[in-house]
Amino acid sequence: MTENSQKQNRFLIELQPIGRRIQVPGGTSLLGAAQLAGVDITSVCGGIGICGDCKIRLVQGELTPPTLEEKDIFTEEQFQNGYRLACQAYPLSDILLEIPPESLTSLQRLQLESQQAEIAIEPPIQIIPINIPAPTITDLRSDFTRLQDELKSIVPSMKVEYPVLASASPVFRKAKWNIQAIFNQDHLVSIIPTQNPTIIAGLAVDIGTTKVAAYIVDLNTGVTLVQDGLMNPQIAFGEDVISRISYVINHPENGETSGSKVLQERIRDGLNKLIQTMQAEIEQKFAKQLEIVDAVVVGNTAMHHLFAGFPVQQLGLSPYVPAVSEASLIRARELGLNITKGGSVYLPPNIAGYVGADHVSMLLATLYQYRKELAYTNKAVVALDIGTNTEISLLHNRQIYSCSTASGPAFEGAHIQDGMRAAPGAIERVQITKDGKIHYKTIGDQPAIGICGSGILDVIAEMYYADILDEKGALLNHHPRVSRSGRFPEFILANEDETGHHQAVVVTRRDINEIQLAKGAIRAGIDILLYEAGIEVGDIDEFIVAGAFGTYINVKNAMRIGMFPILPLDKCHQVGNAAGAGAKYMLLSKYYRELASKIAHEVNYIELSNHPKFTEEFSKSLFFPIKYLP
Amino acid sequence: MSQEFFAKLTQSLIEGDPDATSEITQTALAAGIEPMEIIKQGLIPGMNVVGEKFSTGEYFLPDLIIAADGMQKAMVLLEPELLKRHQAIESTGIVILGTVKGDIHEIGKSLVGTMLSANGFKVFDLGVDVATDTFVSKARELKPDIIGLSALLTTTMVNQREVIKALASAGMGDKVKVMVGGAPVTRGWAEEIGADGYAEDAMGAVQIARQLVGK
């Protein structure tokens, strides 16, 4: 069949075990079909056929022949069994396919808690209760004039958002002219009847490349009423930032089908669904109505831009500059975010293409506390958030130095043979005791089916300290669990008789190499910031590890493999989702919004990729350091 | 005595001890051993072993980086000595290397450069974020056998195609071979854009380069 005739046909694709069906035009890949059907299949590489994540099994129907990329990934036997890559295979007939569980992006544990510090509540939102005199035959002022007259002395330069103007009159009458006027600075964003018991709240969101965390905060009390999260729905379009930027570049068409529109819609719809769930939960729990009158959204520069509808193409090409680095206030209705109709969304500033508003937010929640205290001392504080890109800041002598380092997706389980996200059955803790016995713990205490980031970090540190690995990362022969039967030497972490899928869970030399690259990049970043500030490891007073992954890791093991410098453990703090906490501060405090701009403006951004010491520091950091810790 | 130096040099590369490589090179030069012999009998055999171990999966990128570092440290000492003697390493071929426009990833490209040098290629490394026109003008100037294009991002690999197109329109399409590499680059992509060679890693690049120059 020629390509042309493929394109003219439409095929029915049935996705099992989810049970979704979708009609697609010929020339749509199976990955594209799944995306259209709203089924999130993992695709680390963004659909170019190299990551091998989007494995599916053909049950019925005819597909285009396997590509070279697929031949690199599958064995002949796997082809016989129908295995294909969804991004490489195109239907030639109606198709019934099965998606193996590991190819789906759902079901992962989310990390949401964050240390909440006390801050003064002085939000940009002002709630003004007023009694408006009702119109009479002798008082014929318009509804809006009478509102304005009442508020003149309180908010002299009042501006009214259009949706309020359009909907206020019936509300006034229903409320018998007793209302609460909600102002964001001098913008009237909402009118709420006084007699209805209503919680007036704000929404704080941290859009991670992988996970999204959201909080609804009572703007009167500062209390977090509910927190929830979801996997970033854009994952189906590429797991890392660059893959998503590529998706946008490769789908440049105008209008609704453009890549940037599609990605923006995905995150918007995901957030709106989340808001709906959270709102229902609060209204049920407190038996009151909830009005979300303000929002703060943080994310890395790419997530920030995709959410706001700013161009991202330039972020994918050197010199990787943001389209917008300033703090922005955007009307929620322009972004399609379902909060109060006249409300707006505050997006804090970005520092650089790969140090975004989420890092500013994290610095607000962590460093600034220190900075106030330590304003006139020489104390040094390192704060970092580990992800596919790890952002690192160093505070020293009232200066903040920041950089971003490409640590890759290994700690998210990608590029690791038996790697997986932090989901049930993932080995998350490993210990090798003196007698050589291996102990591990899985998430949910389920039979093991793979290793997640904290587990792979543990096992490598433990192997190194148990002399199963040398300092270059090579597996040593003497341990009974080191197998050389395969193409590459590997360490058997869990035997096939104890796992959930009856296959051994192994750590290969290649996996170790991936972790060496990741931890080397992180350590090189830390060392270069220290170098720029003119201080040494011994000068570090506090070491703050933020973010989801950072909260779960064993910090001592991170030191053992050289990812972190060796420091007394009492100098280290794992603070959870500090970016989320910072977003809450910015909901609750005008002062913190000003600080955000101040921090972003003051940071000394250090570009690592062309830093003269990077290659040297990185190469040095690839190896495991001298064994020192007990 | 020289044999002992050569064996030690080879060993220092295999074991990944760049400081030792540099020290032994220095001592060997001081002992009056010819720089060309140091390269041919000490360094190249060492790099070949590292390369083999890399191909079989025993060694990984860190090992390769550290061996390349040792090799480079030694060459810094040896090159001025070769110049003094008006000697040059016999060239397997001339290669121009660079990371394409928009991309500033250095390490992989530099490794390929080191491995090619260790195998007798004369390498001109144009660096990172190299404009398409620069590849063309340098190719015109240096008349290389091969141009190697590195790209580490899916957003920049498209510029490999741009260079190939530009070479063709400059009439050099059949005069110079192009090989491509980088994390997101695949065989399929290489074929699609009309590259003459693709390799997954630095060792593979050496093999392909040898094939392309027929050696």
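**View 1. Where chain A meets chain B.** Put together, chain A and chain B bury about 2500 Å² between them, and 63% of that area sits on carbon and sulfur atoms. Keep in mind that this is a predicted model. On the chain A side, 32 residues take part in the contact, and chain B brings 31 residues to it. As for who supplies the chain A side, α3, α7 (241-250), α14 (509-533) and α19 (614-621) of chain A each put in at least two residues that touch chain B.

**View 2. Salt bridges across the interface.** Three salt bridges turn up between chain A and chain B. One to look for is A:D72 with B:R187, whose side chains meet at 2.7 Å, N to O. Now find B:D63 and A:K472, which pair up at 4.0 Å, N to O. B:D63 sits in helix α4 of chain B, while A:K472 comes from the loop between α13 (453-465) and β22 (482-483) of chain A, so this pair joins two chains. Both B:D63 and A:K472 are buried.

**View 3. Salt bridges within chain A.** Over all chains, the structure holds 33 salt bridges. Here is A:R84 with A:E70, their closest N and O atoms 2.7 Å apart. This pair ties together distant parts of the chain: A:R84 belongs to strand β4 (residues 83-85) of chain A and A:E70 to helix α3 (residues 68-73) of chain A, 14 residues apart. A:R84 and A:E70 are both buried. Elsewhere in chain A, A:D149 and A:K152 bring their side chains together in a salt bridge of 3.4 Å, N to O. A:D149 is partly exposed, because its relative accessible area is 28%, which falls between the 20% limit for buried and the 50% limit for exposed.

**View 4. Helix α7 of chain A, tucked in.** Eight of the ten residues of α7(A) are buried, so the helix is largely enclosed by the rest of the structure. At the start of α7(A), look for A:D240: one of its side-chain oxygens comes to within 3.3 Å of the backbone nitrogen of A:I242.

**View 5. Helix α3 of chain B and its bend.** Running over residues 35-55, α3 of chain B has 21 residues and spans 28 Å from first C-alpha to last, close to the 30 Å expected at 1.5 Å a residue. Follow the helix to B:L43 and you'll see a bend of about 30°, with a proline, B:P45, following within four residues. B:L43 is itself one of the buried residues of α3(B), along with B:P35, B:M36, B:I38, B:I39, B:G42, B:G46, B:M47, B:V50, B:G51 and B:F54. After the helix comes B:G57, whose phi is positive, near 90°.

How values were computed. Residues numbered from 1 in each chain as written. Chains lettered and ligands numbered in written order. Predicted model: local features only at pLDDT ≥ 70, side-chain atom pairs only at ≥ 80, totals over all residues. Heavy atoms only, no water. Expected span 1.5 Å × (residues − 1). Bend = angle between axes of the 7 residues up to and from the residue. Buried < 20%, exposed > 50% of the residue type's maximum accessible area, 1.4 Å probe, protein only. Contact = heavy atoms within 4.5 Å. Buried area = accessible area lost by both parts, 1.4 Å probe. Polar contact = N/O pair within 3.5 Å; in protein donor to acceptor, adjacent residues only side chain to side chain.
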